[in-house]
Amino acid sequence: GGGGGVGGEMMLHVSCAEMAQLLGEWLAKGRNNKKVASTQALVAMVRHFQQLFEVRCPEGVFAQMSRVHQRLEEQANVLRHIRELVQLEPSTPNRLLVRAVEGLAEQKTNELMLQVRQRFGISDPKAVLERLEMCEDLSPSFQNITSEVQNILGVESLDAILPALRLALAQQQQQHQQQRQSLH
């Protein structure tokens with residue numbers, strides 16, 4: 001709301017653009033005359049900042065300004081980095097950056113869906129999701145079984161299971177052949 005301010009003054013409602021213009025004019029005049037700055041305008045700017053960023057007391061304005069500035073710098077760095085990653089000019093507007101990222105995400109999603117469809121032989125996205133959910137349900141059981149098989153065979157990776165099984169089967173077949181030969 002627009003209630004009373006300090007000493008019964010009415011709180012001024014100033015938009016960000018108006019505040020920027022006021023500040024610009026104030027700074028321009030202040031260069032020539034240090035006493036030109038209007039206390040009312042400064043109070044309005046501080047109150048507006050307090051309202052925008054939920055700062056309870058004027059003493060907290062500088063700390064909050066620093067946090068806001070830090071966040072803006074972080075966001076600018078992130079946006080600059082994303083522009084570089086998607087190979088856009090530094091002056092590219094944010095809305096075009098968002099469109100570029102959306103396009104890349106859509107392209108990757110389509111590529112992934114194509115790979116999943118080819119792998120599972122399913123073209124219906126719902127069926128793909130159902131198949132993935134089924135795999136997800138089986139995953140813990142599969143992990144437990146493979147861990148146990150790895151322990152029994154004394155191997156550390158899934159890739160080592162089949163060679164170890166083949167070796168164990170070959171050794172077992174050799175033992176059976178030797179036992180048969182010793183009986184005859």
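**Entry 1: H2 against H3**

I began with a pair of helices: H2 and H3 are oblique to each other, a word for angles that are not under 35 degrees (roughly parallel), over 145 (roughly antiparallel) or 65 to 115 (roughly perpendicular). I note that this is a predicted model, where local features need pLDDT of at least 70, side-chain atom pairs count only at pLDDT 80 or more, and totals for chains, interfaces and linings use all residues. Residues are numbered from 1 along each chain as its sequence is written, and side-chain values use heavy atoms, with hydrogens and water left out.

I looked up the H2 and H3 axes: they come within 11 Å and cross at roughly 60°. Axes are lines fitted to C-alpha atoms, for helices over the stretch in contact, and angles run from 0 to 180 degrees between N-to-C directions. Helices are DSSP runs (H or I, at least four residues), numbered from the N terminus. The crossing of H2 and H3 is left-handed: the near helix is turned anticlockwise from the far one by less than a right angle.

Which residues of H2 and H3 meet? I found Val46, Phe49, Gln50 and Phe53 in H2 against Val61, Gln64, Met65 and Val68 in H3. Contact means heavy atoms within 4.5 Å. By class I read 6 nonpolar, 2 polar and no charged residues. Nonpolar covers Ala, Val, Leu, Ile, Met, Phe, Trp, Tyr, Cys and Pro; charged covers Asp, Glu, Lys and Arg; the others, Gly among them, are polar.

**Entry 2: H3 itself**

After H3 comes Gln87, with a positive phi near 60°.

**Entry 3: H3 against H4**

I moved on to H3 (residues 61–85) and H4 (residues 94–120), whose axes come within 11 Å and cross at roughly 50°. H3 is therefore oblique to H4. H3 passes H4 in a left-handed crossing. Leu79, Ile82 and Arg83 in H3 meet Asn94, Leu97 and Val101 in H4. I read 4 nonpolar, 1 polar and 1 charged residues there.

**Entry 4: H4 against H5**

At what angle do H4 and H5 pack? I found about 70°, with the axes 11 Å apart; H5 is residues 125–153. That makes H4 roughly perpendicular to H5. Met113, Val116, Arg117 and Phe120 of H4 touch Pro125, Val128, Arg131 and Leu132 of H5. The classes are 6 nonpolar, no polar and 2 charged.

Notes
Helix = DSSP H or I, 4+ residues; strand = E, 2+ residues; numbered from the N terminus.
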